[in-house]
Amino acid sequence: MIKRFGDFTAVDGIDVDVQAGEAFGFLGPNGAGKSSTMRMIGCVSPPTDGVLEILGMDPRRDGSAIRARLGVCPQLDNLDAELTVRENLVTYARFFGISRATARRRADELLDFVQLGERADSKTEPLSGGMKRRLTIARALVNEPDIVLLDEPTTGLDPQARHLVWERLFRLKQQGVTLVLTTHYMDEAEQLCDRLVVMDGGKIVAEGSPRELIERHSTREVVELRFTAEDQGMYGEKLDGVADRVEVLPDRVLLYADDGDYALAEVHRRSLSPASALVRRAGLEDVFLQLTGRTLVD
Ligand SMILES: Nc1ncnc2c1ncn2[C@@H]1O[C@H](COP(=O)(O)OP(=O)(O)OP(=O)(O)O)[C@@H](O)[C@H]1O
Ligand SMILES: [Mg+2]
């Protein structure tokens, strides 16, 4: 699937196959092409080239039939500021031809689901960013979709709000809903996704389950070293061969090794004294760094 804007190729020939009932993620930095991909899947922006099939249908021919079975949470909340929280859901449901009575009942259920019941009669403007996000997610569910598209569902939310969203999305998945989401948070991808692709510059650079990706592209553990400003640069060649791979970032040095404690002991044996040292399990951030040489969130 390809998406071009003029001469610029935003999505450069990606090939993905999402199974019914799974949670599938697009992980990548700013500008990777995640939203462009989501808009094609959401049938709001046709692919420039390639084949796209959703629920066995062709978006060019069956766009409205597909959209009726999709729930869409766009990257930026586009709630109606003129309406109350509840009316946002009811009005949206009416676009799908859902009766007013059903729409009202469903709106109240969904507001409970995203813990916004108490705000049902307030306007949307005074809501916090996290509340608006939850309302947008609730709105994506009014038509009881088979597939929910979530473009960065938790960007900008505080940890508590993120965990609530994760927990609700997990429940949806348990109910059999297919989730397709984008994120540049590796922990979100690890928490939610059965399978994911790592995108960079419009291309897929890796594909698999979080565990598979980590096993394939990283060591089991990582040692994060920080040096004081004076010591910065002093470690030079002293770190050569101390681990399977040494990654020098502007603010820290990462040592990739299956046994992090052993690598750290080796650092000390070489008379290096970092200001701080932390041994942790490798994650998707490390996969991304290994694949692209860059960190995921700048
Ligand atoms: N309508 C458009 N016209 C021209 N260029 C576009 C358009 N939409 C997206 N692009 C470009 O395509 C590239 C991919 O954008 P996209 O929004 O898909 O990235 P993204 O992975 O969602 O990034 P982010 O994490 O910042 O949301 C970017 O370079 C962007 O500037
Ligand atoms: Mg985006």
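User: Which residues of helix H10 (residues 284-292) are buried?

Analyst: In this predicted model, the buried residues of helix H10 are Leu284, Glu285, Asp286, Val287, Phe288 and Leu289. Just after H10, Gly293 adopts a positive phi of about 75 degrees.

User: How is the packing of helix H8 (residues 210-217) with H10 to be read, and what is the angle?

Analyst: Two packed helices are described by the angle between their axes and by the distance between those axes. Here H8 and H10 pack at about 45 degrees, and their axes are 9 Å apart. The two helices are therefore oblique to each other. The crossing of H8 with H10 is left-handed.

User: Which residues of H8 and H10 meet?

Analyst: From H8, the residues are Pro210, Leu213, Ile214 and His217; from H10, they are Leu284, Val287, Gln290 and Leu291. By class, this contact has six nonpolar, two polar and no charged residues. Two of the H10 residues in the contact, Leu284 and Val287, are also listed among the buried residues of that helix.

User: At what angle do helix H3 (residues 85-95) and helix H4 (residues 100-113) cross?

Analyst: The axes of H3 and H4 come within 9 Å and cross at roughly 130 degrees. That angle makes H3 oblique to H4. The crossing is right-handed.

User: Which residues form the contact between H3 and H4?

Analyst: Val85, Arg86, Leu89, Val90, Ala93 and Arg94 of H3 meet Arg100, Ala103, Arg104, Ala107, Asp108, Leu110 and Leu111 of H4. Sorted by class, the contact has eight nonpolar, no polar and five charged residues.

User: Which residues coordinate the magnesium ion (ligand 2)?

Analyst: A metal site is read from its donor atoms. The magnesium ion is coordinated by Ser35 through OG and by Gln75 through OE1, at 2.0 to 2.1 Å. This pair links distant parts of the chain: Ser35 lies in helix H1 (residues 34-41), whereas Gln75 lies in the loop between strand E4 (70-73) and H3, 40 residues apart.

User: Why does Ser35 count as buried, and why does Gln75 count as partly exposed?

Analyst: Ser35 counts as buried because its relative accessibility is 14%, and the cut-off for buried is under 20%. Gln75 counts as partly exposed because its value is 35%.

User: How many helices and strands does the protein chain have, and what percentage of its residues is buried?

Analyst: The protein chain has 10 helices and 12 strands. Of its 298 residues, 51% are buried. Among contacts between residues at least 6 apart in sequence, 68% join residues at least 24 apart. Along its principal axes, the C-alpha trace spans about 75 × 45 × 35 Å.

Terms used: Residues are numbered from 1 along each chain as its sequence is written. Chains are lettered from A and ligands numbered from 1 in the order in which they are written. This is a predicted model: local features need pLDDT of at least 70, side-chain atom pairs count only at pLDDT 80 or more; totals for chains, interfaces and linings use all residues. Side-chain values use heavy atoms; hydrogens and water are left out. Axes are lines fitted to C-alpha atoms, for helices over the stretch in contact, and angles run from 0 to 180 degrees between N-to-C directions. Helices (H or I, at least four residues) and strands (E, at least two) are DSSP runs, numbered from the N terminus. Angles under 35 degrees count as roughly parallel, over 145 as roughly antiparallel, 65 to 115 as roughly perpendicular and the rest as oblique. A crossing is left-handed if the near helix is turned anticlockwise from the far one by less than a right angle, and right-handed if clockwise. Contact means heavy atoms within 4.5 Å. Ala, Val, Leu, Ile, Met, Phe, Trp, Tyr, Cys and Pro count as nonpolar, Asp, Glu, Lys and Arg as charged, and the others, Gly among them, as polar. Donors are N, O and S atoms within 2.8 Å of the metal (3.2 Å for Na, K and Ca); water is not among the atoms, so sites may look incomplete. Buried means under 20% relative accessible area, exposed over 50%, partly exposed in between (1.4 Å probe, protein chains only).
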